[in-house]
Amino acid sequence: MAFSHETTPGTDVYGPGTFIDKNVLPVPEDTRRVFEFIASKTPGFTQNKEVWDTVHFEGQPDPMIPGPIKAPIVAAALHAMCGVVGNELLELRDSTPVAESSVTVNTDQAGIWLGSVATTHINGSDISAIARSGKLNTLFDRDFQQGFGEGLASRTTAIYQTKDPNVWYQLHGSLNANRVLETMGIDTNVAFNTPNEYYDYIQKHVRQWSPDELEMHNVRHGLCGSICYKPESWRNTEMGKKLARHPYVNYTHETYAAPTPQQPLPKVPGDQRPLAGIKVLEMVRIIAGPTIGVTLASFGADVIRVNCSKLPDLNLLQLVLNAGKRTIDLDITKPEDMTRLRELIADVDVFIQGFRYGSLGRKGLGLRDMLELAANRGKGIVYVDENCYGPDGPFAERPGWQQIGDAASGSSYVMGRSLGYADEKCVLPPLPVSDMTTGVVGALAAMMAIRDRAVKGGSYHVVSSLVAADNIALEEEVGLYPLDVVHNTAKKFGFVPSTPDQFVTEILLQVIAGWKKGRPGYLDEDSPLMTTFDQGPWGRQTLLKPIVRLGEDAVTPRWTSPPVPNCYHDRNISWH
């Protein structure tokens with residue numbers, strides 16, 4: 001059933017190109033409406049309304065994150081779409097009619113999922129409490145987070161006011177903050193006593209640059225960064241127009257490649273999940289790319305994650321985003337490691353890469369290289385590119401992170417307006433929304449491609465981008481919450497207003513504290529939303545369950561092994 005929905009232009013409230021709900025629906029009903037909207041706009045997704053009617057949403061009626069952006073609703077809708085495709089896979093493999101199956105999604109769980117990288121428990125201790133105590137790194141044998149730094153480096157990734165006082169800029173330290181600052185002529189050999197002093201020091205320098213000067217500087221040096229656009233001004237850029245030509249769930253049948261036959265879905269004794277027997281290799285870091293793999297692993301895929309121990313990452317993320325995976329250490333600059341990688345790729349079904357668009361192609365691991373491999377072996381491949389700006393356009397090869405997606409799309413601008421800041425000050429959305437949403441979009445597209453390969457054969461290309469993921473929740477058909485709803489949500493949960501200087505993890509921990517107040521018990525170890533592994537590399541670990549529930553327990557997504565550290569397994573492991 002579709003629910004009526006009207007919006008009014010939000011120019012005077014959230015800025016040009018925004019749309020505010022006239023009538024605010026309860027979250028599960030609104031999610032149903034958004035599910036039907038995204039489903040109707042997704043090429044390759046079933047348009048059979050009887051199948052849509054197998055989807056059920058449940059949860060509390062009121063919003064649960066700071067700000068007006070309906071990120072939990074979008075996330076719940078996309079997970080439900082994964083469930084539908086999962087049932088289609090079961091129909092192909094087991095002849096179970098999809099119209100007689102079911103998909104259930106808890107919208108509160110989908111909201112928590114957006115912050116799930118910091119909701120796990122280790123040996124009875126809440127990870128957010130461990131992080132606040134400063135003892136997080138005692139959990140890890142290897143330091144993967146040297147690139148984020150302390151002191152001045154810790155405030156490089158923040159939003160700064162430019163020479164134009166009404167235009168803010170998302171600076172990003174990436175994994176080498178000192179290099180970013182030094183290219184701007186900022187002395188990095190300074191010491192202060194507080195984070196605010198470091199922020200103010202960088203702000204003094206950034207205010208000497210115009211927005212366009214900062215953009216050109218970052219393009220010239222190959223660095224991360226983005227003007228904090230208004231939603232309308234982003235859509236009017238050439239890059240925004242290019243991206244808008246692609247569907248949000250973007251996968252294509254590469255029909256120009258040498259044809260390969262249909263690939264029936266494998267049957268694995270003892271595992272009835274939809275993707276059981278599907279081999280997935282991922283070369284990813286941070287959040288978005290690993291989220292694709294961890295979602296596919298919950299649906300039954302055999303996922304091997306390849307990292308290089310010389311490269312920095314963020315340790316916290318291993319605790320959740322490596323669930324159900326095996327992880328190995330390979331350095332593809334070494335011939336013997338590249339040989340080992342190619343051995344694993346030889347039989348892979350899905351290859352996920354999260355490096356800068358085109359960079360792996362220069363190492364012989366690009367889309368066309370994989371299509372040639374698929375043709376030679378007679379079995380199609382699904383090649384997944386996770387990036388910032390999408391498959392084409394003038395920014396396609398620019399590097400990007402979650403914060404860049406938030407700035408470019410207009411999400412950071414909308415958040416700043418919702419907090420009533422002067423000078424059009426911008427702040428990050430409250431959770432790693434673009435990362436997590438990009439992950440579930442990539443997983444959904446990969447599942448649709450696996451389904452199509454089983455029916456039509458061939459190889460497929462998936463592109464899942466951070467800016468596109470953010471754009472979904474800014475669509476007029478989705479709508480933004482009115483200010484009174486935003487204020488009531490903040491009051492109920494005790495959310496603390498975020499500021500431009502904060503890193504995403506700082507805001508995330510504040511939101512989790514609010515959830516403990518506004519959704520008591522949801523994050524506890526014994527919560528029905530959680531699952532526990534009694535024995536893992538870190539001991540007993542509890543983490544949020546996969547979001548989708550299918551009609552029977554045997555086929556419902558779950559992880560059969562606990563999270564493991566990066567580079568954990570023997571490099572000579574083989575596919576299951």
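**Salt bridges, charge and burial in a predicted model**

Lys310 is exposed, with a relative accessible area of 56%. The structure is a predicted model. In this model, Lys310 forms a salt bridge with Asp331. The closest N and O atoms of the pair are 3.0 Å apart. The two residues lie in distant parts of the chain, 21 residues apart. Lys310 sits in the loop between strand E12 (302–307) and helix H13 (318–321). Asp331 sits in the loop between strand E13 (325–329) and helix H14 (335–345).

The overall fold was examined next. The protein has 576 residues. Its secondary structure comprises 21 helices and 19 strands. The C-alpha atoms fill a box of roughly 60 × 60 × 50 Å along the principal axes. The radius of gyration is 22 Å. A compact globule with 576 residues would have a value near 25 Å, so the protein agrees with that expectation. Buried residues account for 62% of the 576 residues.

Val440 is one of the buried residues, with a relative accessibility of 0%. Val440 belongs to helix H18, which spans residues 433–456. Val440 and Leu78 are 362 residues apart in sequence. In space, their C-alpha atoms are 6.8 Å apart. Another pair gives a second view of chain separation and distance. Glu475 and Arg368 are 107 residues apart along the chain, and their C-alpha atoms are separated by 33 Å. Glu475 lies in the loop between helix H19 (466–472) and helix H20 (483–493). At 25% relative accessibility, Glu475 counts as partly exposed.

Side chains of opposite charge can pair when their charged atoms come close. The structure holds 31 salt bridges. One of them joins Asp62 and Arg519. Their closest N and O atoms are 3.6 Å apart. Asp62 lies in the loop between strand E3 (55–58) and helix H4 (71–94). Arg519 lies in the loop between helix H21 (504–518) and strand E17 (530–533). The pair therefore ties together parts that are 457 residues apart in sequence. Arg519 is buried, with a relative accessibility of 4%.

Arg340 and Glu343 form a salt bridge within one helix. Their side chains meet at 3.0 Å, N to O. Both residues lie in helix H14, three residues apart. This spacing means that about one helical turn separates Arg340 and Glu343. Arg340 is buried at 9% relative accessibility, whereas Glu343 is partly exposed at 47%.

Salt bridges also link residues into a network. Its members are Lys279, Asp347, Asp349, Lys379 and Arg453.

Arg179, Arg356, Arg362 and Lys363 form a positive surface patch. Arg179 is placed in helix H7, which covers residues 177–183. Arg179 is partly exposed, with a relative accessible area of 40%.

Backbone angles were also considered. Asn123 has a positive phi of about 50°, although Asn123 is not a glycine. Asn123 lies in the loop between strand E5 (121–122) and strand E6 (125–126). Its relative accessibility is 45%, so Asn123 counts as partly exposed. Cys567 also has a positive phi, of about 60°, and is likewise not a glycine. Cys567 lies in the segment after strand E19 (548–550). In contrast to partly exposed Asn123, Cys567 is buried, with a relative accessible area of 12%.

Note on methods:
Residues are numbered from 1 along each chain as its sequence is written. This is a predicted model: local features need pLDDT of at least 70, side-chain atom pairs count only at pLDDT 80 or more; totals for chains, interfaces and linings use all residues. Side-chain values use heavy atoms; hydrogens and water are left out. Patches are made of residues with over 30% relative accessible area and no salt bridge: like charges are joined within 9 Å, nonpolar side chains (Val, Leu, Ile, Met, Phe, Trp, Tyr) within 5 Å. Accessible areas come from the Shrake-Rupley method with a 1.4 Å probe; for residues, only the protein chains shown count as cover. A salt bridge is a side-chain nitrogen of Lys or Arg within 4 Å of a carboxyl oxygen of Asp or Glu. Lys and Arg count as positive and Asp and Glu as negative; His and the chain ends are not counted. The place of a charge is taken as NZ of Lys, CZ of Arg, CG of Asp or CD of Glu. Helices (H or I, at least four residues) and strands (E, at least two) are DSSP runs, numbered from the N terminus. Buried means under 20% relative accessible area, exposed over 50%, partly exposed in between (1.4 Å probe, protein chains only). The radius of gyration is taken over C-alpha atoms; the globule rule is 2.2 Å times the number of residues to the power 0.38.
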